[in-house]
Amino acid sequence: MKLRKATAASAAVLALALSATACSSGDKKDEGSSGGGKKITVGIKFDQPGLGQKTPQGYSGFDVDVAKYVAKKLGYSEDQIEWKEAKSNDRETMLQRGDVDFIAATYSITPEREEKVDFAGPYLLAHQDVLIRADDDSIKSPADLNSKKLCSVTGSTSAQNIKNKLAPKANLQNYPTYSACLGGLQNKAIDALTTDDSILAGYAAQEQFKGKFKLAGFKMTNENYGIGVKKGSDLKDKINKALEEMVADGSWEKAVKANFGPANYKYEPAPKIGEIKS
Amino acid sequence: MSSVLYDAQGPRAKRRNVLYTVVFLLAVVALGWWVFRALNDKGQLDWEKWKPFFGSEAWTTYILPGLQNTLTAAFLSVLIALPLGAVLGIARLSDHVWIRVPAGVIVEFFRAIPVLILMIFGLALFAQYTDVNSDDRPLYAVVTGLVLYNASVLAEVLRAGILALPKGQTEAAQAIGLRKTQIMTSILLPQAVTAMLPAIVSQLVVIVKDTALGGAVLTFPDLLAAVSPMSSYYGANTIASFTVVALIFVLVNFALTSFASWLERRLRTRRKSTGTVLPPAAVGGTDSTGTAA
Amino acid sequence: MFDFLEGYDLLGAFWVTVQLTLLSAIGSLVWGTVLAAMRVGPVPLMRGFGTAYVNIVRNIPLTVIILFTSLGLNQTLNVTLGAQRFDVINFRLAVLGLVAYTAAFVCEAIRSGINTVPVGQAEAARALGLSFIQVLTLVVLPQAFRSVVGPLTNVLIALTKNTTVAAAIGVAEAALLMKEMIENEAQLLLISAIFAFGFVCLTLPTGLILGWVGKKVAVKR
């Protein structure tokens, strides 16, 4: 009798565990199948204001708007899009394995990446830059960063670029995400945050940081944002056509204004499809 | 025991203790004041930064999905690790050298390696050799690491539980003519498992804590990983986000710890006869002490 | 076969792991003993502080603590622990986090050791007129330490493994190097085997040697 109670107790624990896991897998399936019919899966960033951000109200940003427009031209309505987080390190793998149909996630076209995946676009020309405190006048050229505390994201090309070429002596701190650097920048624990100016502008424009940060305007590199698709996919031409239409009918201008306007980001004019500035 | 260490306090000792209390209190208050001032200077105590946690939005968008992933990973791990640990533990007690030794090697090997190393390995393994969806890969990797490690720990807990049973149990079973398998399954295991329950529950604390590794290093969207998008959306409220997340971890684990010691007390008082209940901090406990990352 | 190792400082990474372990071990032994003394001492406020500290810290993931030292202490409160470069700062912050966390377990181990010292020892010491501090440092703790070598060894082994968490704030120890190597090189199984072997080499001898020491110094009763 005693034994039975103990077994019942452990059975209850097991049942609890089972139901907990069952719930979660059920949820996932719901996400996948709601709406019914065909679906398109798009990879975006989840934590970059102005480009791709997950908010309590849904997804927002320039990449998101471009992806929505492209999906519409491909014949998918907004609720037929399934958004997935495409972290910088995962993007090529996600495309190669077919986890996503296309990726619009601050995805710079580079020769190394083109060996693994195909790119449509570019749809935006950005530059590597640094974000500094609004009252900081000591950083006037990239070389000034040598004596400064610099923050970037683990494994990012921006960090390597600074370390190898622009300011080899900079005191570099790496975090998994850009947002982790912002608090430190505000509190003077670091002096500059480096990545593409389009991303930096998004952070600078956030309500809480208004007027606290500014872009240095160094234009250290050219970053041609493209839409990544699987190698050899016929989506590339269709997306290129959609992007051309987006520029032609003024939607591109509208999306850029809506997303970068508040950031006061001096964006470059819409690039020509296939024209990659190195 | 503690009261044995010092005498009943006379007037002088009492005065001295009051002095110590005041000095210690001043030190704690000074530290607290410094932290408060520093936080206040940086605007980390602004209502703006804390407000999101008093509405439902932050919870439903960031925290609860993260917590659910944390608990999913923890429960899946313990579900798989339990039977695996039982098999390893019994195998290690086997009479056959060719079963006992490999089981022993497996158990000792996985207890000697950091869980994070196992998780990093698991993530790359699933990416290169299986076609697990990229969304699920971090979960698989976290669970793999936790299972390999905790199965080994639970194997040792079970082995200790079986070894702690009075020898008379085995001897009596042998006397009535039970075979080895029968002795194990119908006499030893049921008693050992009951005795192990508190230790298993407290091992769950270790597992819950270790899932945070997945969030920090493997992009597993757990409770800890919720801090980054959350503080990015709410304007770098790092301190507030961390405090809330740490508090949730403490509450969940405190509930588990209390459940474990309640279970232990209950089992101990109920089973006076054989009287083998492993306290939460027995075999698994001392080991888990730190493993806990 | 081992060509891919070129360009990676494998020994250096493990040396950082060893340094993290040793420094944190010393720190947590000291802080843990102080906490244990508070928990058994006559001042109620200190007892309460010790108990609260242990119960809270034990229930927070080490990962949260380590990340907090970097994002909270360093980035928000500008604590630099006297260093300039981030690699040094992060290392010191990791040691601080490991000490804060491990001390809770050291405290509990020592407290259980105090409980193994026969009551008569403390009573005799008090009868001689020793104060609480004297009873603790001259009579009880020396005996308690000898009986907790085993549990403390387990804590030390766990600490060795826990140093990998420092990878979360970019300290260049073994786990971070392993992650980097796996991302850049193809030999997954070989790389993993090397790092697993490295940790077995660190933890197994620790257990064996200290297990022997523990038996040697144990108070026979």
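Predicted model: local features only at pLDDT ≥ 70, side-chain atom pairs only at ≥ 80, totals over all residues.

Mentor: We will go through domains, strands and chain contacts in turn.

Trainee: OK, how is chain A divided?
Mentor: Chain A has domain 1 (40-125 + 224-263) and domain 2 (128-215), with bounds that come from an automatic or database domain assignment. Their C-alpha centres lie 25 Å apart.

Trainee: And how many residues does the contact take from each domain?
Mentor: Twelve residues come from domain 1 of chain A and 13 residues from domain 2 of chain A. Two residues are in contact if their C-beta atoms, placed from the backbone, lie within 7 Å.

Trainee: In what order do the five strands of the open sheet in chain A come?
Mentor: The order is 10-9-11-8-12, and the pairing is mixed. Strands (E, at least two residues) and helices (H or I, at least four residues) are DSSP runs, numbered from the N terminus. Two strands pair if DSSP finds at least two bridges between them.

Trainee: Which strands stand at the edges?
Mentor: Strand 10 (171-175) and strand 12 (213-215) of chain A do; each has a single partner strand, so one side of each is left without a neighbour in the sheet. From one strand to the next, the twist averages 30 degrees.

Trainee: How do strand 8 and strand 11 of chain A pair?
Mentor: Strand 8 (residues 128-133) and strand 11 (residues 192-196) of chain A are antiparallel, over five bridges. Asp129(A) stands opposite Thr195(A) there, the latter being in strand 11 of chain A.

Trainee: What lies across those strands?
Mentor: Helix 6 (residues 179-186) of chain A lies across strands 8, 9, 10, 11 and 12 of chain A, at about 165 degrees to strand 9 (149-153). Axes are lines fitted to C-alpha atoms, for helices over the stretch in contact, and angles run from 0 to 180 degrees between N-to-C directions.

Trainee: New topic: what do strand 2 and strand 3 of chain A form?
Mentor: They form a hairpin with three residues between them, and Gly50(A) in the turn has a positive phi of about 90 degrees. A hairpin through two residues then joins strand 3 to strand 4 of chain A, and Thr55(A) stands opposite Gly58(A) in strand 4.

Trainee: How many residues does the contact take from chain A and chain B?
Mentor: Chain A gives 31 residues and chain B gives 29 residues. On the chain A side, helix 1 gives the most, with eight residues.

Trainee: What about chain B and chain C?
Mentor: That contact takes 50 residues from chain B and 53 residues from chain C. Helix 10 of chain B gives the most to the chain B side, with ten residues.

Trainee: Which classes do those chain B residues divide into?
Mentor: They divide into 33 nonpolar, 13 polar and four charged. Ala, Val, Leu, Ile, Met, Phe, Trp, Tyr, Cys and Pro count as nonpolar, Asp, Glu, Lys and Arg as charged, and the others, Gly among them, as polar.

Trainee: Last one: how much helix is there over residues 188-213 of chain C?
Mentor: That stretch is 100% helix and 0% strand, and its end C-alpha atoms are 38 Å apart.

Notes. Residues numbered from 1 in each chain as written. Chains lettered and ligands numbered in written order.
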